[in-house]
Amino acid sequence: MIKNKLSIKDFGKDTDQLAHVDLNDLTPLPPPYDKVEDEPKWKELKPEYREQFECSLDDTVALGIPKPKTPGEEKELVDKFVSGLQKLFQKENNWPFLQQLMLTLEHCAKCQTCVDACPIYEASGRNEVYRLTYRSEIWRRIVKKYVQKKPFASFTDGDIDLNWKTVARLMELSYRCTICRRCAQTCPIGVDNALITHELRKVFSQEMGIAAKEIHEKGSVLQLKVGSSTGMNSEVVKDNIDFIDEDMSEITGLTIKSRWDVKGADIMLLHNAGEIIAWPENPGAFAIILEAAGISWTLSSDAVAYDGINYGLWYDDAQLARVAIKHAQAARKLGVKKIVIGECGHAHKALTVIADRVLTGDLNIPRESAMTLLEDIVFSGKIKFDPSRNNFPVTLHDPCNLVRLMGVVEPQRRILRYLCPQFREMTPHGVHNYCCGGGSGFAIMSPNNFQNWRVAVSGRKKLKQVLDAFSDCPGPETKKYLCAPCSNCKGQIRDILQYYNVKEKSNIIYGGLVELIVNAMVDVKPGFISWDESF
Ligand code: SF4
Ligand code: SF4
């Protein structure tokens with residue numbers, strides 16, 4: 001095992017485990033989280049597991065790929081990998097991403113400006129295996145030598161051995177990046193290292209049938225089969241929304257009734273269905289606000305269209321297209337004027353940015369972020385607010401997909417500045433934010449000890465930012481609210497706060513934006529936000 005000195009050659013070597021995360025190397029957190037001896041210990045991978053599955057990258061495993069049993073099986077998988085890589089560079093197979101991929105392949109100046117932008121690399125104590133340009137260089141050399149078959153590639157572009165170890169490690173390594181694209185933002189040339197992660201995952205999924213179970217089998221496949229990756233069919237989702245409406249009516253003193261399948265409504269609201277199960281107050285708060293503002297809105301009970309989740313965004317273009325088309329078809333069937341996407345960052349990017357490449361003609365329905373709709377409502381004068389109800393410290397997490405990758409930066413801030421007297425920004429924020437650490441599917445992935453890694457390493461910079469934002473009132477005597485208008489980010493934040501016992505030590509709770517809006521509504525009974533039941 002090599003700790004911090006890794007060469008490209010090492011990547012293909014037949015060693016057990018390439019790299020190690022030492023808890024002493026992780027970047028320090030502020031007190032009282034600063035003692036290494038208090039850092040939760042990681043679960044060890046069992047020897048019998050290591051015998052059966054590929055665990056050759058670092059101390060954790062995201063995919064759990066069974067080890068090939070024969071050299072023949074290994075060769076078959078390596079060949080499939082090369083064949084998948086070839087397709088990435090064929091226009092008919094990869095027209096949506098080919099241009100940017102070529103730029104990324106050919107124009108990296110190897111200046112290393114981007115590496116310091118990566119929260120994972122930094123939080124790990126600059127562990128070489130997580131240096132994004134290390135991953136990219138491996139990919140680049142493989143492409144030059146085995147896909148483009150450039151004469152003398154080993155001399156002009158650097159050598160690499162392509163064997164099963166190389167491929168197995170690359171698979172895992174493509175799940176050590178949250179695709180937050182903070183690195184891409186800093187590159188002076190426009191090279192996109194996150195795209196390499198995305199394209200690698202795509203080859204593994206579309207060509208080799210290998211993907212994280214949580215985002216494929218239990219995600220996209222279940223969603224397309226049943227209607228939602230939560231497993232809810234349309235009857236169950238309606239029942240659950242009925243319960244939420246009843247609860248909301250009781251809590252607020254208003255009569256709340258969500259609307260289903262209203263033909264010709266102005267907007268079709270698309271929630272991440274995980275909200276309905278895990279944070280019912282979020283869809284509940286949306287219903288309260290839309291009703292109070294007199295908006296013509298509806299939910300769709302068509303399979304898939306009541307769940308904005310689209311995990312294909314992170315690993316598989318075909319899955320992304322299938323789900324996006326279902327969303328658009330449901331809106332077209334209802335004849336709504338537009339789709340509004342609720343508090344879910346990846347659903348935003350999937351349906352508004354990437355789906356632009358597939359939703360053409362009749363399916364090209366206007367799509368809008370809930371952030372801009374909420375801003376319009378809050379400042380329309382249709383609802384009366386009492387900001388003093390939100391007079392506690394509030395900070396804002398910027399979901400990467402929504403903010404850096406789409407530019408929806410100000411609407412949520414204008415709302416918070418108006419409704420939360422003690423709102424303060426994190427440093428850095430907006431398009432320069434740090435990922436929650438749960439991006440690209442990590443928030444729902446906890447196989448083996450992967451949760452240790454995604455919280456302690458991947459989520460570390462976010463926790464530090466949150467604690468720093470509340471450094472003027474760090475103790476548990478002050479109630480503090482972390483606003484995270486994204487379902488996946490909330491899942492990761494929930495896990496970070498639990499892992500480090502943050503509720504008890506610092507009294508920080510988390511929730512969405514709509515909860516703060518409802519909490520300040522004069523017509524609602526005081527105390528919509530519950531400080532005891534947030535997780
Ligand atoms: S991706 Fe851009 S910033 Fe990073 S090393 Fe290459 S040229 Fe430099
Ligand atoms: S996309 Fe984010 S996590 Fe991935 S390498 Fe770039 S900065 Fe790091």
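Begin with the second largest cavity, which has a volume of about 80 Å³. It is lined by 13 residues, and those closest to its centre are Cys-108, Lys-110, Cys-111, Cys-114 and Cys-187. A cavity is, on a 1 Å grid over the protein atoms alone, a set of points where a 1.4 Å probe fits but cannot get out, and lining residues have an atom within 4 Å of a point. Grid points are joined across faces, edges and corners, and a volume is the space filled by probe spheres set on the points. The model is predicted: local features need pLDDT of at least 70 and side-chain atom pairs count only at pLDDT 80 or more, whereas totals for chains, interfaces and linings use all residues. Residues are numbered from 1 along each chain as its sequence is written, chains are lettered from A and ligands numbered from 1 in the order in which they are written, and side-chain values use heavy atoms, with hydrogens and water left out.

The lining of the second largest cavity comprises eight nonpolar residues, four polar and one charged. Here Ala, Val, Leu, Ile, Met, Phe, Trp, Tyr, Cys and Pro count as nonpolar, Asp, Glu, Lys and Arg as charged, and the others, Gly among them, as polar.

Now select ligand 1, which sits in the second largest cavity (more than half of its atoms lie within 2 Å of the grid points). Ligand 1 is surrounded by 13 residues, the closest being Cys-108, Cys-111, Gln-112, Cys-114 and Cys-187; a residue is near a molecule if one of its heavy atoms lies within 4 Å of it. This shell holds eight nonpolar, four polar and one charged residue.

Proceed to the largest cavity, with a volume of about 100 Å³. Its lining consists of 13 residues, with Cys-118, Cys-177, Thr-178, Cys-180 and Cys-183 nearest the centre. Helices α5 (119–123) and α6 (132–147) each supply at least two residues of this lining; helices (H or I, at least four residues) are DSSP runs, numbered from the N terminus.

Ligand 2 is the next selection, and it sits in the largest cavity. The elements giving two or more residues to the shell around ligand 2 are α5, α6 and α9 (182–186). Among the 13 residues that surround ligand 2, the closest are Cys-118, Cys-177, Cys-180, Arg-181 and Cys-183. By class, the shell has nine nonpolar, one polar and three charged residues.

Of its 38 lining residues, Ile-179, Arg-181, Lys-349, Ile-354 and Leu-405 are the closest to its centre. A pocket is an open set of points with protein on both sides within 12 Å along at least five of seven lines. Helix α16 gives the most to the lining of the largest pocket, with four residues. The lining of this pocket has 20 nonpolar, 13 polar and five charged residues.

Finally, select Glu-207, which lies in helix α10. Glu-207 is partly exposed, because its relative accessible area is 21% (buried means under 20%, exposed over 50% and partly exposed in between, with a 1.4 Å probe and protein chains only). Leaving aside residues up to four places away in sequence, Glu-207 touches Lys-80, Ser-83, Gly-84, Lys-87 and Lys-202, contact meaning heavy atoms within 4.5 Å. Glu-207 and Lys-263 are 56 residues apart in sequence, and their C-alpha atoms are 41 Å apart in space.
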